[in-house]
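Work through the exercises below with the structure open beside you. Try each task before reading its solution.

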Amino acid sequence: MTAGPVSGAADRERRREDLLRFLATIQRPGRVLATLEDDNGLVASGLIDSLAVLQIVVHLEETYGIDFAACGIESEELRSVSSILDLVDREAPAAR
Amino acid sequence: MIGRAPAASARSGATFTVRDVLRALPQFHEHHAVVAWWQARTGTLFAHFTPERRRMLLSVGGLGVLAGMVARALRKADGAGASVWPAVTVFVVVLAALYGCYLAAERFKSLPSVVQRRPQVALHLGFWGMLAVVWMLPRDGGAWAAAPVAMAMLLPFYLWRCGYLLKSGQRGRAAGTRFVDHLFYLSPVYGGTDTPVGKGFDHLVRHEAHSGEALARAQLAGVKLLLLALLWRIAEQVLAGVVYGDPKSPVTRLVGGYGAHLPRLEHLLAEQPHVPVLVAWGSLYLELVREVLDHAARGHVIVGMLRLLGFNVFRNTYKPLLAESVVDFWNRYYYYFKELLVDFFFYPTFARRFRRWPRMRIVTATFAAAFLGNMYYHSLAQDQLLLRGALWPALAVLRSRTFYCFLLAVGISVSMLREQRRRGTASAPGGLRRAGRIACVWTFFAIIHIWNVGGTASFARRTRFFASLFGLA
């Protein structure tokens, strides 16, 4: 029973690192990803443009099998690293 | 990015040059000393206005707004202006409909499964059902017959706001909230059109000030926007007086009528006077500038008010004339309308259609938003025709706009695909190249605006004017 939260936290950290690696491939040139805090808005901070959000959607579909046709795309859920990780925790079949 | 500027760097103990001051001036609302000064002077006054109390007060104001809208709709609906009881009935029924929508969002899980799957479709079917009832009513039934007509006239204003409320419900975020947590944006005292500026509950709450310092920052950002709105209105008057020689502008009198007297685009389209091609192009570009100024001023007042009330949301318009791509302009020009189209048309289509064909997926979703969604939104604004059930004439009125929306969707699709292709690479450097990119964006939007600008000019006239720009008519 005690392994659950620890394992969950480790999984979330792994997914966070994976997400940051992906964001590095779609970020605007000249922006510093390392200074971004998990709760900062990705578009509002200027790290990515609003179009790159679509690439995040495709990434989440392909990597975690999230079915956006069923759960819908919500811009508030894609606004920051932490909100995206919450979305993955909730919707990804492998993460449940 | 809309409305967020980097925080002004705080300097302590250093001497300020005029250049420093000029650089820091536009970001005065971010400066810690200014925030502290504002907080010291207003903090005591606003200490009692917690977010909950602010929402409560705004909701009470919202009831007043609803009463005013009902009175106007009844006057427009013909025949009920003098009667109190139809007005009270419409007020109560619209408020009950908003409350019903809140209950549906708050208890979303208990709704029928078909509504849970497609809440927006259910909402719009309800709207069209209401319209169908109005079509069946006798037209000359006096004051009481005007009541359902007035209700149907009011609905487009609430439709998209209720749409955002149902989206909150779908995500489980409306559970446990009160009606006053929603009434303040369903019936906003800060004004607006059918497009909900500030979006809905989720977005507003995320940007709501919860501390004295956050409130001070939001209010200063609001003051800045209201000052900008004033500045753009003055610029508009200067344009009207110096360029157009508009007799209504005080600037025309100031310059003694010695303006350039360039014709407005609307005038060129309506009367088709013979003017040199360069003058026609000048009118075209200046109309774009005038439109952006007007639009920015209106949006800044609404967002400025929202910020003064503690919601530090993005601007509606953020330097669109500096955009270097069509999609960037569209994102900066009318942010909340773009968000409405994205939330209710683009994302649902993108999530469901052509998932294996990335380009087709983007183009289809873009057309669903910029073309179909845009047309649907504006067809709802043709309330007099819709209320008579004259669907075909309502669409015919929008013929020029249909073409505008088609060109807009094509332009945004191409721009999005280009941006996707060159992601991660910086734009070609150099001031001239940047100016070239900006000029291309200006030209695209100035040209498609020919089929969007107000006035009575027919589609054929607008198209002839377009041809005349290239010496073809």
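**Exercise 1: one arginine**

Arg464(B) sits in helix H21 (residues 459-468) of chain B; helices (H or I, at least four residues) and strands (E, at least two) are DSSP runs, numbered from the N terminus. The model is predicted: local features need pLDDT of at least 70 and side-chain atom pairs count only at pLDDT 80 or more, while totals for chains, interfaces and linings use all residues. Residues are numbered from 1 along each chain as its sequence is written, chains are lettered from A and ligands numbered from 1 in the order in which they are written, and side-chain values use heavy atoms, with hydrogens and water left out.

Task: state the relative accessible area of Arg464(B).

Solution. Buried means under 20% relative accessible area, exposed over 50%, and partly exposed in between (1.4 Å probe, protein chains only). The value for Arg464(B) is 43%, so this residue is partly exposed. Arg464(B) and Leu278(B) are 186 residues apart in sequence, and their C-alpha atoms are 16 Å apart in space.

**Exercise 2: the whole of chain B**

Task: describe the make-up and extent of chain B.

Solution. First, the secondary structure: chain B has 21 helices and zero strands. Along the principal axes, its C-alpha atoms fill a box of roughly 65 × 60 × 60 Å. Last, 48% of the 473 residues count as buried.

**Exercise 3: a helix checked by length**

Task: check the span of helix H4 (residues 84-106) of chain B.

Solution. The expected span of a helix is 1.5 Å times one less than its number of residues. For the 23 residues of H4 this comes to 33 Å, and the end C-alpha atoms are 33 Å apart, so the two agree. Buried residues of H4(B) include Pro86(B), Val90(B), Val94(B) and Leu98(B). An α-helix has 3.6 residues a turn, so residues three or four places apart point the same way.

**Exercise 4: the cavities**

Task: how many cavities of 30 Å³ or more does the structure hold?

Solution. On a 1 Å grid over the protein atoms alone, a cavity is a set of points where a 1.4 Å probe fits but cannot get out, and lining residues have an atom within 4 Å of a point. Grid points are joined across faces, edges and corners, and a volume is the space filled by probe spheres set on the points. There are two such cavities.

**Exercise 5: a lysine in a loop**

Task: is Lys199(B) buried or exposed?

Solution. Lys199(B) lies in the loop between helix H8 (180-186) and H9 of chain B. With a relative accessible area of 4%, Lys199(B) is buried. Lys199(B) has a positive phi of about 55 degrees, although it is not a glycine.

Notes:
On a 1 Å grid over the protein atoms alone, a cavity is a set of points where a 1.4 Å probe fits but cannot get out, and a pocket is an open set with protein on both sides within 12 Å along at least five of seven lines; lining residues have an atom within 4 Å of a point.
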